[in-house]
Amino acid sequence: MILYSALTGQPGFVEVNVPGMIVFVNTQVKPILHAEGDGANVSDVRINYDAFSADVKAKGSFLLVLDQAYDPGFRLYVNGSKIPASVHARVDGYFNGWALDGTGTYHVLITYAGDTDFLALQQAYVAFMYSILVYLLMDTWLMFRKNSF
């Protein structure tokens, strides 16, 4: 019932199947990826598990905003070219923003590279545990072989 009301954009109170719980649908919430500026329009937003992509039509300078908690690990690519990290800024105290300049139609792709250190640590841990397992198996096999003759 919540999903239907959110999709139709009807403001108001919605009854939910949880006793005593009421959800307010706010139609003023901006999309997760939007542009702020004169004549900038974001369309065809696609959200993947590791990236956000969209098409942007701009008539001048604009601010591209990703409504996700600010993290310097987010990377922006415009028409396949990486935008320097110096353009990335905190917006409204919480979100990610990129100040872009230019007129035309652009394809933007936002990826997140912040977990690369954690991934490397995780891979090192798995390799270490695997080596311990191999050592214990070899040691057990050698002891069994030595004691069986």
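**Exercise 1.** In which sense do β6 and strand β10 pair, and over how many bridges?

*Solution.* A quick note before we start: this is a predicted model, where local features need pLDDT of at least 70, side-chain atom pairs count only at pLDDT 80 or more, and totals for chains, interfaces and linings use all residues. Residues are numbered from 1 along each chain as its sequence is written, and side-chain values use heavy atoms, leaving out hydrogens and water.

Step 1: find the strands, which are DSSP runs of E with at least two residues, numbered from the N terminus. β6 covers residues 62-66, and β10 covers residues 95-100.

Step 2: check the pairing, which takes at least two DSSP bridges between two strands. Here we get 5 bridges, in the antiparallel sense.

Step 3: look at β6 from its other partner. β3 also pairs with β6 in the antiparallel sense, over 4 bridges, and leucine 33 stands opposite leucine 66.

**Exercise 2.** Work out whether histidine 34 is buried or exposed, and what it touches.

Step 1: use the cut-offs: buried is under 20% relative accessible area, exposed is over 50%, and partly exposed is in between (1.4 Å probe, protein chains only). Histidine 34 has 8%, so it's buried.

Step 2: list contacts (heavy atoms within 4.5 Å). Leaving out residues up to four places away in sequence, histidine 34 touches Val42, Leu63, Leu64, Val65 and Asp67.
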